[in-house]
Amino acid sequence: VEGYERFRERFEKDRAFFESLATKKQRPRLLWIGCADSRVVPSEITSADPGELFEIRNIANVVPPAGAADDSVGAAIEYALRHLGVDDIVVCGHTGCGGIEALSKTDLTADDGADVHLFRWIDYTRPAHRLIRASAVPAAERHVETVKAHIEFQLDNLKTYPAVREGLEEGWLGLHGWMYDLKDAVLRAY
């Protein structure tokens with residue numbers, strides 16, 4: 001409630017800006033696909049104003065392949081590209097990701113029925129875990145390398161969406177893999 005009160009003060013100071021957001025069509029600069037982790041706040045990291053980022057946030061910044069059981073991510077991708085005119089997509093992972101870490105310690109399954117949705121969702125991180133295990137990455141580096149590999153797999157999954165493929169083929173769409181380091185507040189693009 002106190003945060004809302006601070007926002008209302010800011011709103012009153014910059015009422016014209018906020019009213020313009022309400023009366024004009026949104027024109028975000030990019031689509032941010034990131035983790036739902038409460039410590040990773042896209043607008044805070046990028047100093048973006050309201051209206052500049054169109055965001056998809058979920059556990060472990062997952063982009064299910066086109067045609068997968070989840071339509072919400074695909075719908076947001078299509079809306080951003082075809083209706084909002086977004087021409088850049090960022091997939092941003094981060095250090096200390098609980099979604100990545102969940103499969104790091106053991107090969108979890110939902111056989112007992114508990115957390116069935118969570119286990120099904122984090123299964124999208126499995127390819128990155130397999131790759132890093134097969135690469136014999138030292139244990140101390142495994143988490144960060146898995147986060148990086150996972151970002152790359154999600155960029156590959158993005159390319160399975162027709163709207164993304166069209167944008168890439170026509171040359172107007174940029175895809176970017178970023179990793180945010182929680183400890184040092186460093187954003188790395190690769």
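In strand β2, R57 is the bridge partner of G34. This bridge belongs to the pairing of β1 (residues 30-35) with β2, which is parallel and counts 6 bridges; strands are said to pair if DSSP finds at least two bridges between them. The model is a predicted one, in which local features need pLDDT of at least 70, side-chain atom pairs count only at pLDDT 80 or more, and totals for chains, interfaces and linings use all residues. Residues are numbered from 1 along each chain as its sequence is written, and side-chain values use heavy atoms, leaving out hydrogens and water.

The pair is part of an open sheet of 5 strands with mixed pairing, ordered β2-β1-β3-β4-β5. Because β2 (53-58) and β5 (186-189) are at the edges and have a single partner strand each, one side of each lacks a neighbour in the sheet. From one strand to the next, the twist averages 25 degrees. Helix α8 (residues 139-158) packs on this sheet and touches β1, β3 (88-94) and β4 (174-181), where contact means heavy atoms within 4.5 Å. The direction of α8 makes about 160 degrees with that of β4; axes are lines fitted to C-alpha atoms, for helices over the stretch in contact, and angles between N-to-C directions run from 0 to 180 degrees.

Now the chain as a whole. It has 9 helices and 5 strands, both taken as DSSP runs numbered from the N terminus: helices are H or I with at least four residues, strands E with at least two. The C-alpha trace spans about 55 × 45 × 35 Å along its principal axes.
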